[in-house]
Structure formats: C-alpha cells, structure tokens
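Here are my notes on the helix packing. Please read them beside the model.

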Amino acid sequence: WQVWLSMLPVCGGVAMASAGELSFTWGCFICAMISNTLYATRGVLSKASMDMADPGENMSAENTFAVVTLIAFAFCLPAALILEGAKIPA
C-alpha cells in the first residue's frame, strides 16, 4: 500500500502542472493521468514478480524490467502503426 500511496505526489504534480497551463484540455489531462498510473503500475508489478518464490532462471531485476518493457512495446506497436504508419517514409 505504501507504493500505491507514493503515486499520489506524482499524479498531484501532473494535475498542478496541467491546471496552470493555458492550453489545458481534459482529454490531455486524462491521458497524462493514465500514462502516469500505468507507468507506476509497471514498476509495481515488476517488483511484485521479483518477490515470487520462483521468478525463473536469469530473471534479475534488470531482466524483468526489460521483459516488461518489451511486452509494453509489443502492445503499443499495432496502435502506433495504425495511427502513424502512413507517415513513415517508404
């Protein structure tokens, strides 16, 4: 619960920075909050997977973070190609 509680200052900081911006939009604010929450959740879940009884062979903290990052990339790649694929030069 302490890790989740530590997310409050991060989200609060983004909220304060966004509220003072002249071009503030709720859509961008919500996307920023989702991004912060998911980024922090990635760290929390990586740490939780390292606390398991058998994390697996060669799964150090660095390797776990690398695997989670590659999985996140794999999830983002289709959306990026759909939304931005036409802009990639041939």
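How are H2 and H3 oriented to each other, roughly parallel or roughly antiparallel?

1. The model is predicted: local features need pLDDT of at least 70, side-chain atom pairs need 80 or more, and totals for chains, interfaces and linings use all residues. Numbering starts from 1 along each chain as its sequence is written, and side-chain values use heavy atoms, without hydrogens or water.

2. The axes of H2 (residues 7-19) and H3 (residues 26-50) come within 10 Å and cross at roughly 160°. H2 and H3 are therefore roughly antiparallel (an angle over 145 degrees). Their crossing is right-handed (the near helix is turned clockwise from the far one by less than a right angle).

3. On the H2 side, the contact (heavy atoms within 4.5 Å) includes Met-7, Val-10 and Cys-11. Phe-29, Ala-32 and Met-33 are among the H3 partners. By class, the H2 contact with H3 has nine nonpolar, three polar and no charged residues.

4. H3 and H4 pack with axes 10 Å apart, at about 135°. H3 passes H4 in a right-handed crossing.

5. Arg-42, Ser-46, Ser-49 and Met-50 of H3 meet Ala-61, Thr-64, Phe-65, Val-68 and Thr-69 of H4. The classes here are four nonpolar, four polar and one charged.

6. H4 (residues 61-84) has 24 residues and reaches 33 Å from first to last C-alpha. That is close to the 34 Å expected at 1.5 Å a residue. H4 has a kink of about 30° at Cys-76, shortly before Pro-78 (the angle between axes fitted to the seven residues ending there and the seven starting there).

Conventions: Helices (H or I, at least four residues) and strands (E, at least two) are DSSP runs, numbered from the N terminus. The expected span of a helix is 1.5 Å times one less than its number of residues. Axes are lines fitted to C-alpha atoms, for helices over the stretch in contact, and angles run from 0 to 180 degrees between N-to-C directions. Angles under 35 degrees count as roughly parallel, over 145 as roughly antiparallel, 65 to 115 as roughly perpendicular and the rest as oblique. Ala, Val, Leu, Ile, Met, Phe, Trp, Tyr, Cys and Pro count as nonpolar, Asp, Glu, Lys and Arg as charged, and the others, Gly among them, as polar.
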